[in-house]
Amino acid sequence: MLAAIAQSPDIACFVAASRLSVGESRAILRGGATDLLPAPLDPRLVRSVIGDALTAWERQRAMHADRRAAEARLAALTPRERDILDAIAAGLGNKAIARRLDVSPRTVEVHRANIMRRSGAASVAELLRLRFTVEFARGPSANPVHFGA
């Protein structure tokens, strides 16, 4: 039952107990409890633990909102622009990208300008922040093409 309740991202589960074995404590925490509190409850400890959980929840919500915003800003890119953005993120310059994709350096410059305009990024650093925000939220890279130096 604890695991079912803990699956909701908006619910924090706290368990209070007076005597538990290490195995029971581990099972409760692995089952999804946010924290394990000693009984009888100390009001100051309860306030502190709930405050920490709220801070973590707010941080998680902000990260989720940042990821959604970054995904929305990069959604307008064409597949070729995504390839070029991946190469930029890998640290390649225009000429190296052009060689890898078998296009002219001028074409890469045009695509870079379009990427900046479509994403609304004011700088390459902001563009890379958007891309890495999306990439890290997805986990391991889904792009099978890895650029190297």
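Let's start with H111, which sits in helix α6, residues 105-119 (helices are DSSP runs of H or I, at least four residues, numbered from the N terminus). This is a predicted model, where local features need pLDDT of at least 70, side-chain atom pairs count only at pLDDT 80 or more, and totals for chains, interfaces and linings use all residues. Residues are numbered from 1 along each chain as its sequence is written, and side-chain values use heavy atoms, with hydrogens and water left out.

H111 counts as buried because its relative accessible area is 19% (buried means under 20%, exposed over 50%, partly exposed in between, using a 1.4 Å probe and protein chains only). Beyond its neighbours within four places in sequence, H111 touches R80, E81 and I84 (contact means heavy atoms within 4.5 Å).

Now hop over to E81, in helix α4, residues 79-89. E81 is buried too, at 2% relative accessible area. Its contacts, again leaving aside neighbours within four places in sequence, include H111, N114 and R118.

Next up, charges. Side chains of opposite charge can pair when their charged atoms come close. The whole structure holds seven salt bridges (a side-chain nitrogen of Lys or Arg within 4 Å of a carboxyl oxygen of Asp or Glu). One of them links R67 and E71 at 3.0 Å, N to O; both lie in helix α3, four residues apart, about one turn of the helix. R67 is buried at 19%, while E71 is partly exposed at 26%.

Another joins R131 and E135 at 2.3 Å, N to O, and both of these lie in helix α7. Shared partners tie D86, R131 and E135 into one network.

Conventions: Helix = DSSP H or I, 4+ residues; strand = E, 2+ residues; numbered from the N terminus.
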